Amino acid sequence: MTDTAPTDAEAACFEAGIKFGSLYHQFAGTPVSPDSADSVATAMEEAIENQPHCRAVEVDVREDELAAAIADGGADYTELTGRFLEVEIVIDYEGCEVVARMEMEDGYPLMRLESVEGRSS
């Protein structure tokens with residue numbers, strides 16, 4: 001019989017995925033403007049940092065993209081989507097550190113693992 005339990009590193013990667021799912025789907029559609037962008041980013045960081053094993057979250061709003069979308073629209077705000085965000089999440093799980101990022105790549109907000117350290121089994 002083989003051991004099918006996930007390693008600590010695999011569990012840490014799973015935790016990163018959970019945090020990104022929460023961050024993206026909880027805040028998508030939030031009204032955002034240049035005046036509110038910093039407070040929305042802070043709210044996102046603080047909300048996700050409340051979750052277990054989350055050591056740090058950094059959310060940067062791509063303000064040039066946000067301003068361009070507002071200029072093209074008919075209001076002083078727009079809906080928050082992944083195209084306006086760059087995010088880094090750091091997970092610390094049982095001595096494993098995972099760094100995950102979300103950035104625009106080829107027109108899509110791509111979430112990916114940057115690094116996994118402390119790969120214990």
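This is a predicted model: local features need pLDDT of at least 70, side-chain atom pairs count only at pLDDT 80 or more; totals for chains, interfaces and linings use all residues.
We can begin with the site that comes from a database record. The UniProt annotation "binding site", taken from an unreviewed entry, covers Glu15 and Met111. These residues span 97 residues in sequence, yet no two of their C-alpha atoms are more than 13.3 Å apart, so they gather at one spot. Glutamate 15 belongs to helix α1, which runs over residues 8-27. With a relative accessibility of 17%, under the 20% limit, glutamate 15 counts as buried. Leaving aside residues up to four places away in sequence, glutamate 15 touches Pro52, His53, Ile91 and Tyr93.

The other annotated residue, methionine 111, lies in strand β6, residues 108-117. Methionine 111 has a relative accessible area of 36% and is partly exposed. Its contacts, again not counting residues up to four places away in sequence, are Phe20, Tyr24, Arg101 and Met102.

Next comes the interior. In soluble globular proteins, nonpolar side chains tend to be buried together. Here, the largest nonpolar core has 32 residues, and the members that touch the most other members are Met44, Val57, Val59, Leu80, Leu85, Val87 and Ile91. Two or more residues of this core come from each of α1, α2 (37-49), β2 (54-61), α3 (63-72), β4 (85-93) and β5 (96-105). Helix α1 gives the most, with 7 residues. Ile91, one of the core members named above, is also among the residues touched by glutamate 15 of the annotated site.

Not counting residues up to four places away in sequence, valine 87 touches Phe20, Leu23, Val57, Glu58, Val59, Ala100, Arg101 and Met102. Among these, Phe20, Arg101 and Met102 are also contacts of methionine 111.

Side chains of opposite charge can pair when their charged atoms come close. The structure holds 7 salt bridges. In one of them, the side chains of arginine 62 and glutamate 86 meet at 3.9 Å, N to O. This pair links distant parts of the chain, with arginine 62 in the loop between β2 and α3 and glutamate 86 in strand β4, 24 residues apart. Arginine 62 counts as partly exposed at 25% relative accessibility, and glutamate 86 is partly exposed too, with a relative accessible area of 29%.

A further salt bridge brings together the side chains of glutamate 88 and arginine 101, at 3.2 Å from N to O. Distant parts of the chain are linked here as well: glutamate 88 sits in strand β4 and arginine 101 in strand β5, 13 residues apart. Glutamate 88 counts as partly exposed at 27% relative accessibility, whereas arginine 101, at 16%, counts as buried. Arginine 101 is also one of the residues touched by methionine 111 and by valine 87.

Glutamate 114 and arginine 112 form a salt bridge as well, their closest N and O atoms being 3.0 Å apart. Both residues are partly exposed, glutamate 114 with a relative accessible area of 41% and arginine 112 at 29% relative accessibility. Through salt bridges that share partners, Glu88, Arg101, Glu103, Arg112 and Glu114 are joined into one network.

Methods: Residues are numbered from 1 along each chain as its sequence is written. Side-chain values use heavy atoms; hydrogens and water are left out. UniProt positions are given in the numbering used here, feature names are shortened, and annotations may be inferred rather than shown by experiment. Helices (H or I, at least four residues) and strands (E, at least two) are DSSP runs, numbered from the N terminus. Buried means under 20% relative accessible area, exposed over 50%, partly exposed in between (1.4 Å probe, protein chains only). Contact means heavy atoms within 4.5 Å. A nonpolar core is a set of buried Ala, Val, Leu, Ile, Met, Phe, Trp, Tyr and Cys residues joined through side-chain atoms within 4.5 Å. A salt bridge is a side-chain nitrogen of Lys or Arg within 4 Å of a carboxyl oxygen of Asp or Glu.
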